[in-house]
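Subject: Structure handover

Hello,

Here is the structure for you to look at. My notes on what turned up follow below it.

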Amino acid sequence: MILKHFTELQQFLSQPRNIVIIGHRNPDGDAVGSTLGLKHYFDKKGHTTQVLMPNEYPEFLHWIPGSETVKRFDRQNTQSVKALGKSDIIFLLDFNALHRVGSDMQNTLEQYENDFALIDHHQQPDDFMYMYSDTSMSSTCQMVYNFIEMMGDVVLIDKDIATCLYTGIMTDTGSFRFRSTTSTTHRIIADLIDKGAENDRIHSNVHDANSYNRLLLLGQALSNMKVLPEFKTAFITLSEEEKKRFNYEKGDTEGVVNYALSLKGIVFAAIFIEDEEQGIVKISFRSKGKFSVNQFARNYFNGGGHDNAAGGKSEQSMEDTIAQFKSLLSSYKQELENSYEG
């Protein structure tokens, strides 16, 4: 764990401040839940806050309390830049380096003259003035709970804060099934329920909001799945044409890679998705056991994340990206064979 200048940060926040809170590009449940949970907490402390996201996030997260106040840097650039210019400090949540917000927003943040505060659980974070980094944590939302606790303010957690934090912990732990889910995680979840988080409603809002086209897209993805049993690996592809055929919307591929990992005998799974707008193939990796997809993504696909869940990208064609991926597997055959017994 890295806890850098916390006492100084606590002193800085002892009087009202203008605070901007930022999540990563293509925000997920943990990014949205942690930024909005921290916003609600700071609002109760008398600060002036604004949550900024680099771009849009999935429709199934728009119900989260405070979502209507979020500004998007790509679509509301003038308002976003104005908020940054007025801020006394910027909190960076659920990402470990400025490039994770995308090049346009990164360029703006690199000109920022005040300090950054990082709260994040991804590996190998960049250095900032104030840091709370812990790769053992299940989620950034769990860290926000701990941050509030370290500030001596758990009593201030209300239904809105509890709902935001529960959502992020639930989504980033795969509904509490990943190895990062500890007994402490469950105790925090219990407290969030006691403070007003409606677990059944939150689960339904996130997981029972599929559109007809999203399910058809899932069917297409599963029909594209390939299995490489000699490497205990499975992967899924989705082309831009397939996405358009089923009226793809942001968030429609969330969690699809987990279907490949759910196959009996598979310890390494990936999904490769063409992204015409960015001119890349987006990649998500998942693993079971000791095989680090974080290191794999860092080594070959300009990415990273956690040992068992990471992302990356390729500027090659889909065909060449898949060929590269498959060519790498023979070097990891022994690691994959010994990664997980279950």
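Phe-268 and Phe-296 are both buried. Keep in mind that this is a predicted model.

Aromatic pairs. There are 25 of them. Phe-268 and Phe-296 make an edge-to-face pair, with 5.2 Å between centres and 80° between planes. That pair links distant parts of the chain, 28 residues apart. Phe-268 sits in strand β10 (residues 268–275), and Phe-296 in helix α12 (residues 293–300).

Phe-296 also pairs with Tyr-332. Their ring centres are 5.5 Å apart and their planes stand at 70°, so this pair is edge-to-face. Tyr-332 lies in the loop between α13 (318–329) and α14 (333–337), 36 residues from Phe-296. Phe-296 has 2% relative accessibility, so it counts as buried. Tyr-332, at 13%, counts as buried too. Ring pairs join these residues into a cluster, whose members include Phe-235, Phe-272, Tyr-300 and Phe-325.

Nonpolar cores. The largest has 47 residues. Leu-38, Phe-42, Phe-91, Phe-147 and Leu-192 have the most contacts inside it. Helix α6 (residues 159–172) gives the most to this core, with 7 residues. Another core, of 23 residues, lies apart from it; Phe-231, Val-267, Val-281 and Phe-291 are among its members.

Surface. Met-1, Leu-3 and Met-150 make a nonpolar patch of about 290 Å². Met-150 belongs to helix α5 (residues 140–150). Its relative accessibility is 31%, so Met-150 counts as partly exposed.

Best wishes

Conventions: Residues are numbered from 1 along each chain as its sequence is written. This is a predicted model: local features need pLDDT of at least 70, side-chain atom pairs count only at pLDDT 80 or more; totals for chains, interfaces and linings use all residues. Side-chain values use heavy atoms; hydrogens and water are left out. A nonpolar core is a set of buried Ala, Val, Leu, Ile, Met, Phe, Trp, Tyr and Cys residues joined through side-chain atoms within 4.5 Å. Buried means under 20% relative accessible area, exposed over 50%, partly exposed in between (1.4 Å probe, protein chains only). Helices (H or I, at least four residues) and strands (E, at least two) are DSSP runs, numbered from the N terminus. Patches are made of residues with over 30% relative accessible area and no salt bridge: like charges are joined within 9 Å, nonpolar side chains (Val, Leu, Ile, Met, Phe, Trp, Tyr) within 5 Å. Accessible areas come from the Shrake-Rupley method with a 1.4 Å probe; for residues, only the protein chains shown count as cover. A salt bridge is a side-chain nitrogen of Lys or Arg within 4 Å of a carboxyl oxygen of Asp or Glu. Rings of Phe, Tyr and Trp (its six-membered ring) pair if their centres lie within 6.5 Å; planes under 30 degrees apart count as stacked, over 60 as edge-to-face and the rest as tilted.
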